[in-house]
Amino acid sequence: MQLEHAFFDVVVVGGGHAGAEAAWAASRMLGDRGKVAMITMDPHAIGRMSCNPAIGGLAKGQMVREIDALGGLMAHAIDFTGIQFRILNRSKGPAVQSPRAQADKYRYEAAVQQLLRENCPNLTILAATADNIFTDDESSTAGACTQSHRHEPRRITGVELSTGQRLSCTCVILTTGTFLRGLMHTGPRKIEGGRIGEQAATGLSLCLERLGFELARLKTGTPPRLASETINFAGLDIQAGDEIPAPFSYLSGLPDGLLAATFPVLPQAVCHITYTNARTHDLIRANLHRAPMYSGQIQSRGPRYCPSIEDKVVRFADKTQHQIFLEPESLDTNEIYCNGISTSLPVDVQEEMVHSITGLEKAKVLRWGYAVEYDFAPTHQIRSSLETHRVRGLFFAGQINGTSGYEEAAGQGLMAGINAARSIQRQPPVILSRDQAYIGVMIDDLVTKIPTEPYRMFTSRAEFRLTLRSDNADQRLTPLGRQIGLAQPVREELLSAKLTAMHSIMDQLQSSRRPDGTTAADMIRRPDIAWKDLATMNFQPPGRIMELIQSTEHQAVLEQIQIESRYAGYIQREQQLARRMHELEDKVIPIGFNFSALTELRREARDALVRFEPGSIGQASRLEGITPSDLTVLMMYLTGRKSLA
């Protein structure tokens, strides 16, 4: 589409998982009163799964449920295109149980595109790259001015595309993924690009540097893909999905669902498991000098918690094998994703490595693994709203903030889209707290600690794991989603019906008693008692408990009641901790506060405050180098007991 000159309220740069959520949130919140544009190299690649064909996982699954509860799109797309659904860690406590699903990757990207096309009529998608950003001080883009010469932040005024078009706008959301000066490595071979077959974006990195932003480099990688008909699956362990799949979206399986009223939609598939061995490890060790990470060809850091097979062999030298999940990428193709052997080794080594593994002795490699280096913006440059300190109206989301993973990107994209729309509406930004959402934990981590490796969400990062469960995301976030105008009205109705059912069932449990006076509510708190056990106990009045247990309508509610009953003491403890945390979070530090003038602070503390510009005392307390005495001094200035004059 050729636009000689056009105005958009919000321009989203990038069409990955962050870009899709940002465009979705901004366009739906602004409605027919706003205009949103998405700039992407290839509109057919919007929502593409560049790496593993799966959504969810430990802590990530909670984030997808949170995105859904707020009114985002990721859960709809995976529920419509999932080919295997599993709840991870079922044998462990509820704080670490997480939903995960294999996707048909081609259907998934098509579903994302369909959702945007059918539900965002005010969204314009343009095939191009964004090469330049304009601000109200346009000389900055030519390098004539840097932020240090200005007292007030610049403000976004527009973007320039590779087609030569200029779009005027109020807000820009950069969701650039691995494309900023992307460089792919397979052995000594280097190719400029953000992923296979797609070019890198260089102009935007240069523009950000001219605007005064600090950029650094990170690295991620992907494994080889194999032809399924050449794999000997006989004798390999089978990993099937859950017998009764659980959807991600609270709307899936309902007539109000955005894509389908049935769940699951697609036939379900199995994965297989195999392992590396001593021969594999010997081969890798013998060729480490040819691996870019070890030859010095790559200087940037990759994800420590999702390492390449080269890293695994070196770092865990005592291990004789490493697990590999063979995951189908689609129901319609023969592509198998080798989850567990991400690599940038040369092609000849990759081929020999694959053939050393049980079941893969004759496997045909369809696509070689590679590593990709890319620019990111160290996160002291953004606020909790994901708007940058340096340029008003400019938001960063996804891998540009140093994160790794579809879900992490989507969560940031959603919040950036929400806050860009709120800015247009002249409303304050939405900031999720650490006890409110995993998304809140992630963003707070980013704005208080600069990632030194690609950031990945884990349950261990959250202090309030029992509060932030996957089963209660609707209770935590749907009221907020409705308040800001993103979540559909039906979500509020579903939540109300769920809460009513929970209260009704709890009343029945508390009023059902055994002859010794013990209630059903008392019994279900015990870890050795299951719901079916209650049916054999002599509760009065008779029959009521049996009716509850046999009701398929209330199974999810029963499970949540049991969790909250058994862990009530721990949940109360988390709530008390959260209240103390909010006392500090409520002590807001005004935007533009002059930290440099706090001469009574230690130099280290002052430098940290100047660099990160925390938005609250709570946020300041989580900065490295800040002590309780520093916070006391800061509080005295904020409350007026000391003057900056």
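How many residues does helix H10 have, and how far does the helix reach from its first C-alpha to its last? In the structure examined here, which is a predicted model, helix H10 spans residues 406-424 and thus comprises 19 residues, with a reach of 27 Å from the first C-alpha to the last, close to the 27 Å expected at 1.5 Å a residue. The helix is mostly covered, 17 of its 19 residues being buried, and H10 is followed by Arg 426, a residue with a positive phi near 60 degrees.

Among the strands, E3, E5 and E4 form an open sheet in the order E3-E5-E4, with antiparallel pairing. Strand E3 (54-56) and strand E4 (82-88) each have a single partner strand and stand at the edges, so one side of each is left without a neighbour in the sheet. On average, and with direction ignored, neighbouring strands of this sheet are turned by 15 degrees against each other. The antiparallel strands E4 and E5, the latter covering residues 98-103, are joined by six bridges; Gln 84, for instance, has Gln 102 in E5 as its bridge partner.

With a disulfide taken as a pair of cysteine sulfur atoms within 2.5 Å, the count comes to zero. Cys 169 is in no disulfide, the nearest cysteine sulfur, that of Cys 171, being 7.6 Å away, and Cys 169 counts as buried at 5% relative accessibility. For Cys 338, the closest cysteine sulfur belongs to Cys 51 and lies 12 Å from its own, too far for a bond; Cys 338 is likewise buried, with a relative accessible area of 0%.

Conventions: Residues are numbered from 1 along each chain as its sequence is written. This is a predicted model: local features need pLDDT of at least 70, side-chain atom pairs count only at pLDDT 80 or more; totals for chains, interfaces and linings use all residues. Side-chain values use heavy atoms; hydrogens and water are left out. Two strands pair if DSSP finds at least two bridges between them. Helices (H or I, at least four residues) and strands (E, at least two) are DSSP runs, numbered from the N terminus. Axes are lines fitted to C-alpha atoms, for helices over the stretch in contact, and angles run from 0 to 180 degrees between N-to-C directions. The expected span of a helix is 1.5 Å times one less than its number of residues. Buried means under 20% relative accessible area, exposed over 50%, partly exposed in between (1.4 Å probe, protein chains only).
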